[in-house]
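Biologist: I have the sequence and the model open side by side. Could you take me through some of the labels and what stands behind them?

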Amino acid sequence: MIRMSHPRNDTPSIFWKTTPIGYGYNNRKSEPFVASGFYYHHQWGVTEQDMAEDLPDPAPYLITNKHVVQPSDYPQPDSVIAYTRNPDDVQETVRHHIDLYKSDGEPKWRDHPENENIDIVLIPLTFEIREAAMFHRANIVSEPSSVSGGDLAEVVGYPAEMRNFHRLPILRQALISSSYQVSFDDSPYFVIDARLHDGMSGSPVVYTPSMVDIEAEEIDLDPDWDTVESVRVEGTTERKHTSLLGVHSGERLEFDDDISMQDIESDLLSRDSNPGLKDFLRELEDRLENIERETGLNRVWHAKYIDEIIRNR
């Protein structure tokens, strides 16, 4: 008897490593879906283990944005809701409630020790995850010069419109639009050009270069007509090692911190302006946000900061 493999069992591992994220509350209804995240395992090298007896816990972690665990547009959640998948059947999911705070009120999640603006947090997990269902330290780009502006990347996450968490994540192709080696606008992120949606904050941004092997038959010139005989060319494309470039943040880009719409609103209203001016300014701000969103420019925080966060116990 021939046993056929179901297509879902041949799904690339990138689909197992991500999760939609929801909010859990102790005294109100949960929000089943608000953002995205992914699982990570930090493997300490043999040399590092020899040099330090007490290294931070390597895994597993749930990684997402800081603004996801400290939302401004939702009540502060007590926990986040995440899902793990069975690599043998990626539509088989297990739901997990992950507490965000200890009994004394201190946060369980970890952020960057020196730069609070880096929009990445790591949440230590107490349940086991298969190695194949997590990103690893080896996935983080070790040679930044191997990635450059103009390269194509992929963003893997869950648009808010797709609320059935049994569905697989959506992959959106993105163009790396700024230098990967140099921080953009003196900030620790780079910029991608992609059509992304609400709910994809916390998505991993990955880079999987392809190699193309081409085989061609030997060819001869026709001596009478000085032309080339027909040529048969065969090629195969091989996807190489997937690299984790960073963590996408849905927060909009801001290039001028000296003045904001709130500043303008406060200043004008203090001058006994038209009472309808406040509504006008809010409408104007919404229009500006829509314009920025339509540009397709999105920030991605460098994956190298994951290592620095883990080392900050």
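Modeller: Happy to, and let's begin with a strand pair. In β17, H302 is the bridge partner of G246.

Biologist: What makes β16 and β17 a pair?

Modeller: Two strands pair if DSSP finds at least two bridges between them. β16 and β17 have 4 bridges in the antiparallel sense, so they count as paired. Helices (H or I, at least four residues) and strands (E, at least two) are DSSP runs, numbered from the N terminus. This is a predicted model, where local features need pLDDT of at least 70, side-chain atom pairs count only at pLDDT 80 or more, and totals for chains, interfaces and linings use all residues. Residues are numbered from 1 along each chain as its sequence is written, and side-chain values use heavy atoms, leaving out hydrogens and water.

Biologist: Which strands make up the closed barrel?

Modeller: The barrel has 6 strands, running β8-β9-β10-β17-β16-β11 with antiparallel pairing.

Biologist: Why is D307 called buried?

Modeller: Buried means under 20% relative accessible area, exposed over 50%, and partly exposed in between (1.4 Å probe, protein chains only). D307 has 16%, so the label is buried. In helix α5 (residues 304–311), Y305, I306, I309 and I310 are buried too. The buried residues of α5 pack against β2, β3, β6, β16 and β17, with contact meaning heavy atoms within 4.5 Å.

Biologist: How do you know that D307 forms a salt bridge with R137?

Modeller: The rule asks for a side-chain nitrogen of Lys or Arg within 4 Å of a carboxyl oxygen of Asp or Glu. For D307 and R137, the closest N and O atoms are 3.8 Å apart, so the pair qualifies. The two sit 170 residues apart, D307 in helix α5 and R137 in the loop between β7 and β8. R137 is partly exposed, at 23%.

Biologist: Where is confidence lowest, and where is it highest?

Modeller: pLDDT is the predictor's confidence in each residue, from 0 to 100. Strand β15 (residues 233–239) is lowest, at a mean of 52, and β3 is highest, at 97. The protein averages 78, and 67% of the residues score at least 70.
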